[in-house]
Amino acid sequence: MSDILVIDDEQDIRELIGDILVDEGHSTRLARNSQMAFQEINKAEPDLIILDIWLKDSEFDGIDILKKTKRDNPNIPVVIISGHGNIEIAVAAVKQGAYDFIEKPFNIDQLLVVVSRALEASNLRRENSILRLSEQESCEMVGQSVAFKALKGQLDKIAKTNARVMLSGPPGAGKEIAARYIHGHSLRADGPFVSVNSASISPEQMETVLFGSEKNGNVQPGLLEKAHGGVLFFDEIAEMPLETQSRILRVLVEQSFARVGGHDTVRVDIRFISATTRDLQAQIKAKRFRIELFHRLNVVPVEVPPLAERLDDIPELSAHFTNQLNVLQGLPKRDLTPEAVTRLQMMNWPGNIRQLRNTLERLLILGAESGPIQPGELPPEQTPKPDTHIEGDIAPNMMMLSLREARLAFEIDYLKAQIARFKGNISQTAKFVGMERSALHRKLKTLGIAGQVAQD
């Protein structure tokens, strides 16, 4: 059901159009002048506007409303209604951004056809906009950590060349994002980026998927043809069948191939980027991967670091993903409290960046509609045990404290441990920790642990 705003100063026409559209299953709003029209648009952006050119008792006429709407809400299609004497103005309105015009008195079927086409075109533009945004987001590199900067520096250098790249790293670390980043910053950025996961295609179908097929004059292009002029990304390259590896090796050498069942030579210009989570040297020794193909693909090897080496990036990654999920999926726009971010940095991430994104998506789906995300909302199964430590041998509970609170907690734990070690003897404890006996007494009293001191 679409939301359509009808703007016409004649009540009969306004209500007639509204009734017709409601009968077709649409939701309608009616306005008789520019003031009411702008109020309705500001209240909620309609899917379509049907607009009369001449409006009596209105501050702005239809052309002015069209101009303002296309300036402030360019994605709303506008269909102009015009009387017989206003055709030239209506045509001029189309040139200024109106989708189409309908001449009064209008035919109902004609109205419905124009409305249907305008809505279809609007939906297509919206889908394309979301797709472009999704593609842009998918190749955006986010982070400031040392490991991230080193990776991005490598990718920036690689992108300027046409060299083949082999990306390695654990599952979910962002190898496809790195591949898309290379493509998006290369001279092939305007060409296609075609991704194929070798593990998701059966060996029987692999060659048809890659090389296409030709039978009885019916040609079905494969992914290699679709990647012409751009990049073909082989994800999980180690899972490719040996027979297919031989044919891919030949494509790398000759930049040409024949379709399955065909005889014509198909020439392509493709940059190959590969990725793997496996040790390809071990795969070669086990005779599951061809050494010749490895050397052809592994021209520039790049190691994509796990999230455990990029803990400093978690705040920025979390903000990026929550914003992305809000824009692309309409999930609530919620920030994370500093405590929640700290808890994320303390968690185990075997699934790396993909797991972090999935965790945040689950929180936004199942959590509250508004308000910052609190530490208690985070999944307990990922939280490290109390006796585990993060980098620097800092206990996780200490990471939740301010510096002053952490220093105080450390002093209490340290002095308690030393007192216990010397069985409460204040003189021996003072000598070991390097304090005067009287000063240690005052410190213990200040910290509230003086009762643990034995008599000297």
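**Entry 1: charges over rings**

I started at Phe211 and found Arg247 over the face of its ring, 3.9 Å from the ring centre. I note here that this is a predicted model. I then looked up Phe38. Lys68 lies over the face of that ring, at 4.9 Å from the ring centre.

**Entry 2: aromatic pairs**

How many aromatic pairs does the structure hold? I get five. I took one of them, Phe211 with Phe257. I recorded two values, since a pair of aromatic rings is described by the distance of the centres and the angle of the planes. The ring centres of Phe211 and Phe257 are 5.5 Å apart. Their planes stand at 65°, so I logged the pair as edge-to-face; the cut-off for that class is over 60 degrees.

Where do the two residues sit? Phe211 belongs to helix 8 (residues 203–211) and Phe257 to strand 11 (residues 256–258). The pair therefore ties together parts that are 46 residues apart in sequence. Buried or exposed? I find both Phe211 and Phe257 buried.

**Entry 3: the largest pocket**

The largest pocket holds about 700 Å³. I count 33 lining residues, and the closest to the pocket centre are Gly174, Glu176, Ile177, Ile353 and Arg354.

Which element gives the most to this lining? Helix 13 does, with six residues. Among the other elements that supply at least two residues each are helix 5 (108–138), helix 7 (175–184), strand 10 (231–235) and helix 15 (352–366).

I sorted the lining of the largest pocket by class: 14 residues are nonpolar, nine polar and 10 charged.

Conventions
Residues are numbered from 1 along each chain as its sequence is written. This is a predicted model: local features need pLDDT of at least 70, side-chain atom pairs count only at pLDDT 80 or more; totals for chains, interfaces and linings use all residues. Side-chain values use heavy atoms; hydrogens and water are left out. Rings of Phe, Tyr and Trp (its six-membered ring) pair if their centres lie within 6.5 Å; planes under 30 degrees apart count as stacked, over 60 as edge-to-face and the rest as tilted. Helices (H or I, at least four residues) and strands (E, at least two) are DSSP runs, numbered from the N terminus. Buried means under 20% relative accessible area, exposed over 50%, partly exposed in between (1.4 Å probe, protein chains only). A charge sits over a ring if NZ of Lys or CZ of Arg is within 6 Å of the ring centre and within 35 degrees of the ring normal. On a 1 Å grid over the protein atoms alone, a cavity is a set of points where a 1.4 Å probe fits but cannot get out, and a pocket is an open set with protein on both sides within 12 Å along at least five of seven lines; lining residues have an atom within 4 Å of a point. Grid points are joined across faces, edges and corners, and a volume is the space filled by probe spheres set on the points. Ala, Val, Leu, Ile, Met, Phe, Trp, Tyr, Cys and Pro count as nonpolar, Asp, Glu, Lys and Arg as charged, and the others, Gly among them, as polar.
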